[in-house]
There are 2 protein chains.
Amino acid sequence: VAESATRVAVLGAGSWGTAFAKLLCDAGCAVTVLARRPEIVAALRDRHNNDYLPGVTLPGDLAATGEPGRAIARAQVVVLAVPAQKLRSNLTEWAPLLQANTTVVSLIKGIELGTDKRMSEIVADVTALPSAQIAVVSGPNLAREVAAEQPAASVVACTDEDRAIWLRELCRTGYFRPYSNVDVVGCELGGAVKNVIALACGMAAGMGFGDNTKASLLTRGLAETARLGAAMGADPLTFAGLAGLGDLAATCMSPLSRNRGFGERLGRGETVAEATAAIRQTAEGVQSCRSVLDLARRHGVEMPITEGVVAVCRDGLRPAQMVEALMTRKMRSE
Amino acid sequence: VAESATRVAVLGAGSWGTAFAKLLCDAGCAVTVLARRPEIVAALRDRHNNDYLPGVTLPGDLAATGEPGRAIARAQVVVLAVPAQKLRSNLTEWAPLLQANTTVVSLIKGIELGTDKRMSEIVADVTALPSAQIAVVSGPNLAREVAAEQPAASVVACTDEDRAIWLRELCRTGYFRPYSNVDVVGCELGGAVKNVIALACGMAAGMGFGDNTKASLLTRGLAETARLGAAMGADPLTFAGLAGLGDLAATCMSPLSRNRGFGERLGRGETVAEATAAIRQTAEGVQSCRSVLDLARRHGVEMPITEGVVAVCRDGLRPAQMVEALMTRKMRSE
């Protein structure tokens, strides 16, 4: 790593945090990953993270630590890669360590339960940094595929366009192609709601339905996401882009997606409790669906697929009843 | 079938023509299918079409004939389900048999080579019917899944909105949910260009790339389709709907898609000639890609993925070079 390399801390060593740390290394940054568990720190120093990215060899110059201060103190960029519902408590601990001019980048897709806040709003709340220093990365980026250096595109969004462009160049590699954007709200909503729609697609797949049904759910799901986004001040075009459609399509297509896989279990007849017990990682959509529906109601937006997912995940509706209800809604023009 | 049932002729007995004829029967229409080959007529009368829809039992009241006059003479609605590049010659033969007030519905997805015309334009050319009597159906409708009565949505488009609504109700069943639309141009372009984008997604899959790459191609492919559509007077929102995104997503996701499958063969190193020899049905995108690119150039629209597909299918570029070229284009905002 060159002396002049940008110093980046990646906070969180799950699959996406680790894959993003690797690509930042590949792009020439000086990267330190913060992992909570000592065995993950040891594994990262040994150039792997088999718990989350089995079979991937990490760059030799990727540093790892279990001490937040060591990761954050000199970082020009701090990347957040923790579960959505843990961001506030984690960041409250880390905020005093941030430099005043640090750029904070959220990789997290979700909405906070209780407050219905987006991740960048939590960052602003907890750190008091100006929005120009807060960015998000979102796109069709299944962690294992990025770690395998398969070609992927993504979006880096920041209200400060110059900073978005700077970050875009910072994380660009031969296999990872980021685009800059100023629509933070749209990118975050796209990432959060896609987990909910992926649950619905997974349920349809688990019930044995094919690609017509999944494609219809994906399309109508993106339409309801865009309606919510428009009501919340996002640019509707964001949802037609990589952070909207792109991320949703990758998630709904991929057998690697946690949310889709969780939905499949529900579609095959498992309860939320059974499916939760069976998978190791969080299916964020099960948490966020309630918050997304809250936002929809607050902004007077109709979101029938999200409503259906909430009814299944929270109120015990059977997935078959949800699909039936969606398919028999009143006919109308598109 | 009730005496008052609407009389429909479906011209063409491939997989989608047969599946659409079945759903029209299920919706209560009096349907006659025209098949060119006598053995298909016999099979249809025996309630199956195993060449195109193996394992599907057709309705007992579905009529079949090999004589165009018998199918068309009393039909109030004529549905066209032949290969895109054969429409003009077939319809030239059938046009004298049409009643003056017949509604003609195209199920065909493609652009005519040489003229660069959409299917509804060919219908208008050959029949001299007014545009208010010409409609198209397009959406995420893999024929085998519709024939299996899996839930699917679709779009019925006609410049005459009342007719679009009438047709919508005519083909509505418990498993098939059509929406009406007046944007014929957008629906037809969505259906035609998706075959080209599906070829690109197939190539990426055949080269071993995963869902991030496919989702990125799908997203950027839809964006270039929408740019062409806007230049040609389509409603940009159509491309975010079932006839745009929906159809594209189903095609790119499905192992049943001919165009995706053809692209996979190219991605694995087969030539166009080898892949063509290996599959029985037409991969329409291989034909239409050249016409789509013509339209793009005529309207001054940039379509890099379509350009890449043309270069592979027509000029012998290797798919790996196409993906490389797409991933290394100049960075920019989305």
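Trainee: How much area do chain A and chain B bury between them?

Mentor: This is a predicted model, so local features need pLDDT of at least 70, side-chain atom pairs count only at pLDDT 80 or more, and totals for chains, interfaces and linings use all residues. Residues are numbered from 1 along each chain as its sequence is written, chains are lettered from A in the order in which they are written, and side-chain values use heavy atoms, with hydrogens and water left out. Buried area is the accessible area (1.4 Å probe) that two parts lose on being put together, summed over both. Carbon and sulfur atoms carry 57% of it here, and the total is about 4,400 Å².

Trainee: Which element gives the largest share of the side of chain A that touches chain B?

Mentor: Elements are DSSP runs numbered from the N terminus: helices (H or I) of at least four residues, strands (E) of at least two. Those that give two or more residues to this side include β7 (152–158), α7 (161–170), α9 (211–231) and α10 (242–253) of chain A. The largest share is 10 residues, and it comes from α9(A).

Trainee: How many residues of chain B are in contact with chain A?

Mentor: Contact means heavy atoms within 4.5 Å. Chain A brings 52 residues. Their partners in chain B number 54.

Trainee: How many residues on the side of chain A that touches chain B are nonpolar?

Mentor: Ala, Val, Leu, Ile, Met, Phe, Trp, Tyr, Cys and Pro count as nonpolar; Asp, Glu, Lys and Arg as charged; the others, Gly among them, as polar. On this side 15 residues are polar and 12 charged. The nonpolar count is 25.

Trainee: How many salt bridges are there between chain A and chain B?

Mentor: A salt bridge is a side-chain nitrogen of Lys or Arg within 4 Å of a carboxyl oxygen of Asp or Glu. Between chain A and chain B the count is zero.

Trainee: What is the relative accessible area of B:F20, a partner of B:W16?

Mentor: Rings of Phe, Tyr and Trp (its six-membered ring) pair if their centres lie within 6.5 Å; planes under 30 degrees apart are stacked, over 60 edge-to-face, the rest tilted. B:W16 and B:F20 have centres 5.4 Å apart and planes at 70°, so the pair is edge-to-face. Both lie in helix α1 (residues 15–26) of chain B, four residues apart. Buried means under 20% relative accessible area, exposed over 50%, partly exposed in between (1.4 Å probe, protein chains only), and B:F20 is buried at 2%.

Trainee: Which strand does B:F20 reach through B:F176?

Mentor: B:F20 and B:F176 form an edge-to-face pair, 6.4 Å centre to centre, with 85° between the planes. B:F176 is buried at 0%. The pair ties together parts 156 residues apart in sequence, because B:F20 lies in helix α1 of chain B and B:F176 in strand β8.

Trainee: Is A:R298 buried or exposed?

Mentor: A:R298 meets A:D116 in a salt bridge (3.0 Å, N to O). A:D116 lies in the loop between β5 (103–106) and α5 (119–127) of chain A and A:R298 in helix α13 (residues 284–298), so the pair ties together parts 182 residues apart in sequence. A:D116 is buried at 7%. At 55%, A:R298 is exposed.

Trainee: Which helix holds both A:E264 and A:R260?

Mentor: These two form a salt bridge, the closest N and O atoms being 2.8 Å apart. Both A:E264 and A:R260 are buried. They sit four residues apart, about one turn, in helix α11.

Trainee: What is the relative accessible area of B:R88, the partner of B:E112?

Mentor: The closest N and O atoms of B:E112 and B:R88 are 2.8 Å apart. B:E112 is in the loop between β5 and α5 of chain B, and B:R88 is in helix α4 (residues 87–94), 24 residues apart. B:E112 is buried at 8%. B:R88 is partly exposed, at 25%.

Trainee: What is the relative accessibility of B:I111?

Mentor: B:I111 lies in the loop between β5 and α5 of chain B. Residues that B:I111 touches include B:Q85, B:L189, B:V292 and B:L295. B:I111 counts as buried, at 1%.

How values were computed
Lists of a residue's contacts leave out its neighbours within four places in sequence.
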